Amino acid sequence: MLSARYLHLHEALGLGPMWLKQTVVVLPPKNTPATPTQARPQTVRTAPIRPSQPHNGQARLETMAALKTAAPEHVRKPVPAPEADLLPDLSDGIAPVPAASGITKLAVVSLCPPTEDMVYGQLFHGKAGVLLDNILKAVGLDAAYVHKTSWVKTAAVGNPMPSEAAIANALGQIARELDGCRAPTVLFLGQAFVKPERQAMIETLCAGRPFFIIDHPARLLRQPELKARSWQTLKQLKRVLAQGGGS
């Protein structure tokens, strides 16, 4: 049995009856005269909850819509239209950010966009993006010469780490993307790329291009002590870019 005050608490928190079991008996509030209706326990029935799909399921789309509604309107960003010739099979995730100059000197690749980027429809949104641009300046590159993208284009709500199957399935798409933008050098963001089981895929993807791996800017913001480690790698990247980026 469930007291009616808890039902009201669910409603006040915006949870609604979906969080209750299908057959919940609700008791009338204490110290309240019983009416003919209140004299009998009330049964609240809810529709069965179906499991959501991690990537393209209706539940995920509804959750993303709710998050977008909650975001302040003046900072929401529209989802960029995909480059049809570059990403013929792009999912409903976030499109990459091509080099504005039309010349790509470096491709920056994260594993997948976090939920915040999905909400705002912008890859490397917020402070992490600002730090990334500062990193690029530190190695002598203007962001206009950088192609920014993610290996897996869509993140599951509540679980931003894609499965190994999703990573493997996206290999062909990200390979075509890097070939299309003609990136001579690749910078991977995130220690997920350091895993031994991922090295063969990275070497296949880069196909002879020099590549480097540093911590994701979002992690560097949380753990500034890791910046020194990343800077050692960035100095190597800077030397390669000065020599022509491996092209």
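1. The sheet in this predicted model is open and holds four strands in the order β5-β4-β6-β7, with parallel pairing; strands pair if DSSP finds at least two bridges between them, and strands (E, at least two residues) and helices (H or I, at least four) are DSSP runs numbered from the N terminus. Its edge strands, each pairing on one side only, are β5 (146–150) and β7 (211–214). Residues are numbered from 1 along each chain as its sequence is written. As the model is predicted, local features need pLDDT of at least 70 and side-chain atom pairs count only at pLDDT 80 or more, while totals for chains, interfaces and linings use all residues.

2. Strand β4 (residues 106–110) runs parallel to β6 (residues 186–189) and is joined to β6 by four bridges, with Val109 standing opposite Phe188 in β6.

3. Helix α4 (residues 127–138) packs on the sheet and touches β4, β5, β6 and β7, contact being heavy atoms within 4.5 Å. The direction of α4 makes about 140° with that of β5, where axes are lines fitted to C-alpha atoms, for helices over the stretch in contact, and angles run from 0 to 180 degrees between N-to-C directions. Helix α9 (residues 227–242) also packs on the sheet, touching β4, β6 and β7, and its direction makes about 160° with that of β7.

4. Among the residues lining the largest pocket, those nearest its centre are Cys112, Pro114, His216, Ala218 and Arg222; a pocket is an open set of points on a 1 Å grid over the protein atoms alone, where a 1.4 Å probe fits, with protein on both sides within 12 Å along at least five of seven lines, and lining residues have an atom within 4 Å of a point. Helix α8 supplies the largest share of this lining, three residues.

Note on methods. Side-chain values use heavy atoms; hydrogens and water are left out.
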